[in-house]
Amino acid sequence: MSAKNAKGNGGGKKPASAATNLIAGGGAGMMEALACHPLDTIKVRMQLSRRARAPGVKRRGFLRTGAEIVRRETPLGLYKGLGAVLTGIVPKMAIRFTSFESYKKLLANKETGKVSGQATFVGKIEESS
């Protein structure tokens, strides 16, 4: 193993700061919400549909419900309620991502910089020499 790669952090790069991790986690949470919120909107509309409860009426499927939302409310109708979702998910993911990286540093082997499978699931395991 080369000296430059000895710490196991990608060839001598210094680890990302907490601020970088906060921004990366928050950005990931935002992208997740932007990608998945339309699917959740369609699911909720299907759950709340009176059509689904009416006897003898054929239920609308997932794609048809989405198309109906877009036709009646424009494509932005799929993103109704996104502000509330972003208010919760961005800080949650920022904190989760940052704490994960912090704990990973604590559990890493001091010599190699790598986290063993045991350390990941059990916590810091001291090796006896």
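Student: How many of the 129 residues of the protein chain count as buried?
Tutor: In this predicted model, 19% of the 129 residues count as buried. The cut-off for buried is under 20% relative accessible area.

Student: What elements does the protein chain have?
Tutor: There are 4 helices and 0 strands. From the N terminus on, the order is α-α-α-α.

Student: What makes Thr65 buried?
Tutor: Thr65 has a relative accessible area of 6%. Buried means under 20%. Therefore Thr65 counts as buried.

Student: Where is Thr65, and which residues is Thr65 in contact with, leaving aside its neighbours within four places in sequence?
Tutor: Thr65 sits in helix H2, residues 62-73. Leaving aside neighbours within four places in sequence, its contacts are Ile42, Arg45, Met46 and Arg60.

Student: How do you know that the span of H2 agrees with what 12 residues should give?
Tutor: At 1.5 Å a residue, the 12 residues of H2 should span 16 Å. The end C-alpha atoms of H2 are 16 Å apart, so the two values agree.

Student: Which residues of H2 are buried?
Tutor: Thr65, Gly66, Glu68 and Ile69 are buried in H2. They cover an arc of only 160 degrees around the axis, so they lie on the same side of H2.

Student: What covers the buried residues of H2, and what does the face turned away carry?
Tutor: The cover includes H1. The face turned away from the buried side carries the exposed residues Leu63, Arg64 and Arg71.

Student: What makes Arg71 exposed?
Tutor: Its relative accessible area is 61%. Exposed means over 50%. Therefore Arg71 counts as exposed.

Student: Why is the pair Glu68 and Arg71 called a salt bridge?
Tutor: The N to O distance between their side chains is 2.6 Å. The cut-off is within 4 Å, so the pair qualifies. Glu68 and Arg71 are 3 residues apart in helix H2, which means a separation of about one helical turn.

Student: Is Glu68 called buried or exposed?
Tutor: Glu68 is called buried, at 16% relative accessibility.

Student: What does the salt bridge of Arg45 and Glu73 tie together?
Tutor: The closest N and O atoms of Arg45 and Glu73 are 2.8 Å apart. Arg45 lies in helix H1 and Glu73 in helix H2, so the pair ties together parts that are 28 residues apart in sequence. Arg45 and Glu73 are also linked with Lys80 in a network of salt bridges.

Student: Why are Arg45 and Glu73 called partly exposed?
Tutor: Arg45 has a relative accessible area of 29%, and Glu73 has 23% relative accessibility.

Student: How many salt bridges does the structure hold?
Tutor: The structure holds 6 salt bridges. One of them joins Glu101 and Lys104, with the closest N and O atoms 3.5 Å apart. The cut-off is within 4 Å, so this pair counts too.

Student: How do you know that Glu101 and Lys104 are about one helical turn apart?
Tutor: They are 3 residues apart in helix H3, which means about one helical turn. Glu101 is buried at 18%, whereas Lys104 is partly exposed at 36%.

Student: Which other residues of H3 are buried, and what covers them?
Tutor: Besides Glu101, the buried residues are Leu82, Ile89, Met93, Ala94 and Thr98. What covers the buried residues of H3 includes H1.

Student: How do you know that the span of H3 agrees with what its 26 residues should give?
Tutor: At 1.5 Å a residue, the 26 residues should span 38 Å. The end C-alpha atoms are 36 Å apart, which agrees.

Student: What makes Lys114 partly exposed?
Tutor: Lys114 has 49% relative accessibility. Exposed means over 50%, so Lys114 counts as partly exposed. Lys114 is in the loop between H3 and helix H4.

Student: Which residues form the nonpolar patch on the surface?
Tutor: Met30, Met31, Leu34, Leu76 and Tyr79 form the patch, with about 460 Å² of accessible area together. A patch residue needs over 30% relative accessible area. Leu34 has 31%, so Leu34 passes that cut-off.

Note on methods
Residues numbered from 1 in each chain as written. Predicted model: local features only at pLDDT ≥ 70, side-chain atom pairs only at ≥ 80, totals over all residues. Heavy atoms only, no water. Patch = residues over 30% accessible without salt bridge, like charges linked within 9 Å, V, L, I, M, F, W, Y side chains within 5 Å. Areas by Shrake-Rupley, 256 points an atom, 1.4 Å probe, with all protein chains shown as cover. Buried < 20%, exposed > 50% of the residue type's maximum accessible area, 1.4 Å probe, protein only. Helix = DSSP H or I, 4+ residues; strand = E, 2+ residues; numbered from the N terminus. Contact = heavy atoms within 4.5 Å. Expected span 1.5 Å × (residues − 1). Arc of directions from axis to C-beta.
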